[in-house]
Amino acid sequence: MIDYVREPKEIYRRSFAIARAETDLSAIPLALRDVVLRLVHACGMPDIVGELAFSPDVAASVGAALAEGATVLVDTPMVAQGITAERVRGSGRIVCTYGETTAIATERPSTRAAAAVEQWGSRLSGAIVAIGNAPTALFRLLELLDEGAPRPAAIIAFPVGFVGAAESKGELVRDPRGVPFLTLLGRRGGSALAAAAINGFFEGLP
């Protein structure tokens, strides 16, 4: 037999112990360290810490919103499936409108993820937005905010890819439109990171 660790709890314990030992969290505020550690654990890359950007109030804003039962708006089903926090999964608070957008996206030049953001409407007010796939979703969200859409409680932005990912996150950091945010600069990102961030914020709730 191949010699490897089989016990789930031991794998979990060792994984986080290694991530904690190899990650320099000294520049991360205490309120965000558990979330950042989950991000490192999700992708296996401690070096992402130096590329994280966030507003000083993001941890407090997300924590307060989640504690009050805020909706979590996600850009794709992959993000929704990655959120394992029982308190949000069992409450129906995860909203993904990606499946409602095929016709909209074909009527004009648009991705389905960007079209999904347009369906959020009034649900944006006080919600937590988690984007883990399409840069166009983040771009469209910022455009909607410029057009007067309701302000979410926070934007957790991890779009990934070679076209638009770095630029969309750069625009968020340049002008967050008054919304607290957490993002990873550059091309890296993905649904696993967006979901890990939400799970981490839930972990920090009393």
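This is a predicted model: local features need pLDDT of at least 70, side-chain atom pairs count only at pLDDT 80 or more; totals for chains, interfaces and linings use all residues.
Residues are numbered from 1 along each chain as its sequence is written, and side-chain values use heavy atoms, with hydrogens and water left out. Local features need pLDDT of at least 70 and side-chain atom pairs count only at pLDDT 80 or more, while totals for chains, interfaces and linings use all residues.

**View 1. Helix α10 spans residues 191-203.** Helices are DSSP runs of H or I with at least four residues, strands are runs of E with at least two, and both are numbered from the N terminus. With 13 residues, α10 reaches 18 Å from its first C-alpha to its last, close to the 18 Å expected at 1.5 Å a residue; the expected span is 1.5 Å times one less than the number of residues. Eleven of the 13 residues are buried (under 20% relative accessible area, with a 1.4 Å probe and protein chains only). Among them you will find L193, I198, F201 and F202.

**View 2. Helix α2 packs with helix α10.** Two packed helices are described by the angle between their axes and the distance between the axes. Here the angle is about 145° and the axes lie 8 Å apart; axes are lines fitted to C-alpha atoms over the stretch in contact, and angles run from 0 to 180 degrees between N-to-C directions. On the α2 side look for L32, V35, R38, L39, A42 and C43, which meet α10 residues including A196, G200 and E203; contact means heavy atoms within 4.5 Å. By class, this contact has ten nonpolar, two polar and two charged residues (Ala, Val, Leu, Ile, Met, Phe, Trp, Tyr, Cys and Pro count as nonpolar, Asp, Glu, Lys and Arg as charged, and the others, Gly among them, as polar).

**View 3. T23 sits in the loop between α1 (8-22) and α2 (30-43).** T23 counts as buried because its relative accessibility is 8%. Its side chain reaches the backbone oxygen of A19 at 2.6 Å. Leaving aside residues up to four places away in sequence, T23 touches L37, V40, P46 and V49.

**View 4. S55 lies in the loop between β1 (52-54) and α3 (58-67).** S55 has a relative accessible area of 9%, so this residue is buried. The S55 side chain reaches the backbone nitrogen of F181 at 2.9 Å. Not counting residues up to four places away in sequence, S55 touches P180 and F181.

**View 5. R177 is in the loop between α9 (165-174) and β6 (181-184).** Most residues other than glycine have a negative phi. R177 has a positive phi of about 60° although it is not a glycine. At a relative accessible area of 11%, R177 is buried.

Definitions and conventions. Buried means under 20% relative accessible area, exposed over 50%, partly exposed in between (1.4 Å probe, protein chains only). A polar contact is a pair of N or O atoms within 3.5 Å; within protein, one must be able to donate a hydrogen and the other to accept it, and residues adjacent in sequence count only if both atoms are side-chain atoms.
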